Amino acid sequence: MLVRYFAAAAASAGTEQEKVAADTTMTRSELQQVLINLHPVAPEGEKTLAQVLPQCSWLVNGVAHKDPESAIAPAATVDVLPPFAGG
């Protein structure tokens with residue numbers, strides 16, 4: 001599956017997107033743990049993904065997935081969107 005990170009999530013992961021190997025459907029909470037394991041340490045001066053991900057909104061193929069137990073298919077595109085501030 002393709003995971004795309006935005007803003008603070010991209011800074012924490014150190015990348016804007018990555019492919020995550022998935023042979024079967026997984027829940028959003030399972031994917032979150034995989035991502036945390038892939039990026040246990042943040043770039044200097046950034047929060048870790050473990051700190052950022054719980055605050056994020058998740059879109060799966062463009063549809064919001066608020067339930068952490070919602071299923072994500074292996075071929076899905078997942079967007080990880082932290083809260084945005086603006087003025």
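In the predicted model, the largest nonpolar core holds 22 residues, of which Met1, Val3, Tyr5, Leu31, Leu35, Val78 and Val80 touch the most other members. Such a core is a set of buried Ala, Val, Leu, Ile, Met, Phe, Trp, Tyr and Cys residues joined through side-chain atoms within 4.5 Å; buried means under 20% relative accessible area, exposed over 50% and partly exposed in between, with a 1.4 Å probe and protein chains only. Two or more residues of this core come from each of strand 1 (2-5), helix 1 (7-13), helix 2 (28-38), helix 3 (49-52), strand 4 (57-60) and strand 7 (77-81). With neighbours within four places in sequence set aside, Leu31 is in contact (heavy atoms within 4.5 Å) with Met1, Val3, Val20, Met26, Trp58, Ile72 and Val78.

Residues are numbered from 1 along each chain as its sequence is written. Because the model is predicted, local features need pLDDT of at least 70 and side-chain atom pairs count only at pLDDT 80 or more, while totals for chains, interfaces and linings use all residues; side-chain values use heavy atoms, with hydrogens and water left out.

Three helices and seven strands are present in the chain, in the order β-α-β-β-α-α-β-β-β-β from the N terminus. These elements are DSSP runs numbered from the N terminus, helices being H or I of at least four residues and strands E of at least two. The radius of gyration of the chain is 12 Å, close to the 12 Å that the globule rule gives for 87 residues, so the chain is as compact as a globular protein of that length; the radius is taken over C-alpha atoms, and the rule is 2.2 Å times the number of residues to the power 0.38. The C-alpha trace spans about 35 × 30 × 20 Å along its principal axes.

Of the 87 residues in the chain, 39% are buried. Among contacts between residues at least 6 apart in sequence, 60% join residues at least 24 apart. The chain exposes about 5000 Å², 53% of which is supplied by carbon and sulfur atoms, as given by the Shrake-Rupley method with a 1.4 Å probe.

Ala7 is placed in helix 1 and is partly exposed, at 46% relative accessible area. Asn61 is placed in the loop between strand 4 and strand 5 (63-64) and counts as exposed, at 53% relative accessibility.
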